[in-house]
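Thanks for making time this morning. I would like to walk you through one model, starting with its charged side chains and then moving to its helices and rings.

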Amino acid sequence: MKKFHFQLDTVLGYKQQVLDTRLIEHGAAMAQVTRQEGVVADVTSRLTAYEDEYRQKKSEGLTIMEVMKYQNCLQALGRESRIESEKLERFRQIEEEKRNRVIETRKETASLEKLKEIKQQEYNKSIQKEEERFIDDLTIAKLVASNAHAFS
């Protein structure tokens, strides 16, 4: 009997490789988002701490130079915070694109696997029918042989 062969096995294998690659890319994008979230949290905490320090010093009294220094630093930290937050947003968009690609590739792979499963079932049914036909043929041959012996 002929062994089962799925004609699209090479395509399925290729899709599996693409899926593996896209999963790795998505994982890297997620790691990048996580790292950037840490950077944003760090900048935010530094900004908050500096604002608290500025409020405390302001209540104690500051010179104009010290006020300008604090305001310049607060502006710089605010810019840094916005820049890092924008980076985070870009990284999140990239991660979402990678996730969507993974989902699409999973759908393609799953449909090919389902098709392979259907073809395997069809093959198994045809093999079972062949075996049943063979058994029927043997049974008929045995009956004919025993009837031929009975009549002789």
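By a salt bridge I mean a side-chain nitrogen of Lys or Arg within 4 Å of a carboxyl oxygen of Asp or Glu. Before I use that term, please note that this is a predicted model, in which local features need pLDDT of at least 70 and side-chain atom pairs count only at pLDDT 80 or more, while totals for chains, interfaces and linings use all residues. Residues are numbered from 1 along each chain as its sequence is written, and side-chain values use heavy atoms, with hydrogens and water left out.

The search of the whole structure finds 10 salt bridges, and I will show you two of them. In one, Lys87 pairs with Glu84, with the closest N and O atoms 3.7 Å apart; because these residues are 3 apart in helix H2, about one helical turn separates them. Helices here are DSSP runs of H or I with at least four residues, numbered from the N terminus. Glu84 counts as buried, at 12% relative accessibility, whereas Lys87 is partly exposed at 31%; buried means under 20% relative accessible area, exposed over 50%, and partly exposed in between, with a 1.4 Å probe and protein chains only.

In another, the side chains of Glu95 and Arg99 meet at 3.1 Å, N to O, and both residues lie in helix H2, 4 residues apart, about one turn of the helix. Glu95 is buried at 12%, and Arg99 is partly exposed at 33%. As background, an α-helix has 3.6 residues a turn, so residues three or four places apart point the same way.

Turning to helix H1, residues 9-60, we have 52 residues reaching 76 Å from the first C-alpha to the last, close to the 76 Å expected at 1.5 Å a residue, where the expected span is 1.5 Å times one less than the number of residues. Among the buried residues of H1 are Tyr50 and Tyr54, and just after this helix Gly61 takes a positive phi of about 105°.

What about the rings? The structure holds 3 aromatic pairs, meaning rings of Phe, Tyr and Trp (its six-membered ring) with centres within 6.5 Å, where planes under 30 degrees apart count as stacked, over 60 as edge-to-face and the rest as tilted. The rings of Phe4 and Tyr123 have centres 5.4 Å apart and planes at 55°, so this pair is tilted. Phe4 lies in the segment before H1 and Tyr123 in helix H2, so the pair ties together parts 119 residues apart in sequence. Finally, Tyr50, Tyr54 and Tyr70 form one aromatic cluster.

How values were computed. Helices (H or I, at least four residues) and strands (E, at least two) are DSSP runs, numbered from the N terminus.
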